[in-house]
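Hi,

Here is the structure I promised to pass on.

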Amino acid sequence: MTQTMVESRPGTATAQAPAGEGQARSREAVLRVFRGDASGGSEVEYRVPVAPGMVVLDAIHWIQAHRAPDLAVRWNCKAAKCGSCSAEVNGKPSLMCKTRLDHFAQDRTISVRPMKTFPIIKDLVTDVSWNYEVNKRIPPFKPRPGADWRWQQSDVDRVQEFRKCIECFLCQDVCHVLRTHELKHQFAGPRFFVRIAGLEMHPMDGEDRSGFLKDHAGIGLCNITKCCTEVCPESITITDNAIIPLKERVVDRFYDPLRMVWRKLTGR
Amino acid sequence: MEKYETHEHDVLVIGAGGAGLRATIEAAHQGVSVGLVCKSLLGKAHTVMAEGGVAAALAHVDPQDGWETHFRDTMKGGSFLNHWRMAQIHAQESPDRVRELEHWGALFDRTQDGRILQRAFGGHTWKRLAHVGDRTGLEMIRTLQDQVVHLGVPVYMECTITRLFTEGGRIAGAMAYWRESGRFVVFRAKAVVIATGGVGKSYKVTSNSWEYSGDGQTLAYEAGAELIDLEFVQFHPTGMVWPPGVMGLLVTEGVRGEGGILRNAKGERFMWKYLPEARRHEYAVDEDEARRWVEAAVENRQTDDKRPPELSTRDNVARAIYTEVREGRGTPHGGAYLDISYLPAERVQRKLPSMYHQFMELADVDITQQPMEVGPTMHYMMGGIRVDPDTASSTVPGLYAAGEAAAGLHGANRLGGNSLSDLLVFGRRAGLSAAQYAKALASNPRLDEREIEREAGETLAPFERTSGESPYDVHRDLQTCMDRHVGIFRVQEDLELGLKTLATLKERARKVRVEGTRLYNPGWHLARDLANMITVSEGITRGALLRKESRGAHSRLDHPSMDPALGKVNFCVSRAGEEMKVAATPLPEMPAELRYLFEMAKEKVG
């Protein structure tokens, strides 16, 4: 049964039997891995034997065990649940644990580089501490006073999309406000709009984060190019479901003309 | 020696999974200064991988449930080797801990009347696991993490503790290095809470990440604490078996909780064959009854039908799958089929979203259409640091432990869902007791500069060597040794061979050489972790040799039945100079009022 699935898929190592040379040998992948630190570095080529279903992180582990024991990489669960092994594979921000080698053409070199948006520490490891600083400033969950702690499954389902974020920071890496314009001091980034959406849409939450979104998180800087949504390994529709509704909240709260008049009159 | 930074806290918590976070919160609530140290980034600990749910007798779905039944299930699941008092506290307090989590913002799936929904799990009489799809651990860790962040507790991320310091037998602090820079850090602390998880990385086929190298158990052992029940290693019955890169990756018990059926290559539903006679009456008698039970669960209604045989305890299901494969009825990749595809695809995707994606992306298997292939994977340690049930204190003053690193609650086998509740219940107690101890301490314990220097030298030694093996080679051989000799079924000769191999591995690990600089160097980090893995592996093997019986997760082919005399003792590991000492210590006896709970239910104790 498994076999049928594998064979129906193009470019799968076990299914393809390419004619000609190399057929007798076991397959090798060629990886070019960035080696270096804050003072500079370059890509180093490694040839790695390929097993069926192997992912880029397996290849990195093979290199550590056989070629470069000091190759720095972060990883934990190896199951796309912890969001530790983020890198740029052939230029695309990806989790190495779910990027399969058999998705690349056999003759193509696979480049593995650290996330560009964050300062490099060594090899594939970057300094992501800025994200933790942003998170500290987000107003936490605050239950509505006197709330009845009962709600429907649909309330859970609605907000679950935002709460399944694994904090891989790939959306932060790809976001041009952070990556190209380097506005980390003004802009919280897609990860934290997802985080705020998860709090704002919590059925029991009573906090208002629209002021924070406008003045501290810089949500206005996002011009909805949806790059973050494209790279999200958890398939969270970041732009449409988190950022745009939050932008609307900010607009309603601060820029609605009727409300502006009302606020002037009442002083609220 | 080189300059190092020093930090001072009343309570130092090591490990930032569920137990460490919960301990941190409680200690901070007591108004003492707390520091939290973890080897990875915050929020990446193994709790994030927990899928199925947290066990608590809330009785939202099955109103018959209560702490007494949860207590009985836990004791039966652990073959009565559990510390009765821990099992009692755990069953009584876990509902409050789950509700508290909800008030801190955790979102669980709901019942029709809007309360926390609960699902069935192996060995639990009633539907008991509060969950959110199959992402319960993620929801828990984010909620706890957020509490810690807003309490302003300093978190020392990517920092590895290598030694605990004592003064006059009590805790005085700890030594660590930053994984990023390789520089040393010294912590002065009145109390330490160990919440470092298990030792999965001693095995090749495991659901555990690199972090699970027995650090906490080894730190405690070297500081003079006692470890118990190390021979009880839980092999989760359902790990992925294909493709090779993901071998061992966890397939949540939630699949079986939702109605997943196990079959062998011949299509036989084999679990009935393996139900222990004493428990058979707790399960459906045939496929029809099992199906009716699943239908009722799907429709969220009460039923008198009994649960399917796949919901037997983990030790039992793991042995069943292993035996089916060994006897030639395994699937093409050496496992069993686990099938949930007979349920509506929409339900499977909603209740088991990460399993759906995991199989689709890593194995090209659509679990809504096809069965999964699964086999046992090393998952959890029941054994660990011996603690006092009420205070979570170890046998060393000022040293506390909680979660997987501690022992006693689960006995010979842990029920699924009981570890998330364990983290909350005993994490809280450990944090509370550590804070109280620190407050009551009149004077600050002193650190000995010579010990700091000695420890720094030892940690850096692998850089000094001009010859020696790579730590990766020794690690690979350790995993082979443990998989082969101290696995799911054990015999005397294998265990003896394992012990002999471990002695040579210990020597080899002492001589490993690392390349490169101290800057984020995984080879160097492994060299250090390796020593811990070997220490705990030796404890596992020694315990397994002495326990000449089969009980819970410990199965001896040469001693296939339970020995009532061994049911009255824990094997206790402690350090005697450079040697590891193992002694049988008496298991505390359950008081009459708790024994009465079993008599009421007409169940045998022991």
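**The annotated arginine in chain B**

B:Arg314 is part of helix H9 of chain B, which covers residues 314–329. Keep in mind that this is a predicted model. I started with this residue because the UniProt annotation "active site" covers B:Arg314, though the entry is unreviewed and such annotations may be inferred rather than shown by experiment.

Is B:Arg314 buried or exposed? It counts as buried, because 26 C-beta neighbours sit inside 10 Å and 20 or more is enough for that label. If you set aside the neighbours within four places in sequence, the contacts of B:Arg314 are B:Gly122, B:Gln234, B:His236, B:Pro237, B:Asn413 and B:Gly416.

**A three-stranded sheet, also chain B**

Chain B has an open sheet of three strands, ordered E3-E5-E4, with antiparallel pairing. Strands E3 (54–55) and E4 (118–119) of chain B are at the edges, and each has a single partner strand, so one side of each has no neighbour in the sheet. Looking at one of the pairings, E3(B) and strand E5 of chain B (residues 129–130) are antiparallel and joined over two bridges. If you want to find that spot by residue, B:Val54 has B:Ala130 in E5(B) as its bridge partner.

**Backbone geometry to check**

Some background for this part: most peptide bonds are trans, and most residues other than glycine have a negative phi. Here are a few exceptions.

- The peptide bond between B:Trp242 and B:Pro243 is cis, with omega at about -5 degrees. B:Pro243 belongs to the loop between strand E11 (233–240) and helix H6 (254–257) of chain B.
- A:Asn90 has a positive phi, near 50 degrees, and is a residue other than glycine. You will find A:Asn90 in the loop between strand E3 (86–89) and strand E4 (92–95) of chain A. A:Asn90 counts as partly exposed because it has 15 C-beta neighbours inside 10 Å.
- A:Lys226 is not a glycine either, yet its phi is positive at about 65 degrees. The loop that holds A:Lys226 runs between helix H8 (210–215) and helix H9 (227–231) of chain A. With 13 other C-beta atoms within 10 Å, A:Lys226 is partly exposed; 12 or fewer would have made it exposed.

That's what I have for now.

Cheers

How values were computed: Residues are numbered from 1 along each chain as its sequence is written. Chains are lettered from A and ligands numbered from 1 in the order in which they are written. This is a predicted model: local features need pLDDT of at least 70, side-chain atom pairs count only at pLDDT 80 or more; totals for chains, interfaces and linings use all residues. Helices (H or I, at least four residues) and strands (E, at least two) are DSSP runs, numbered from the N terminus. Two residues are in contact if their C-beta atoms, placed from the backbone, lie within 7 Å. Two strands pair if DSSP finds at least two bridges between them.
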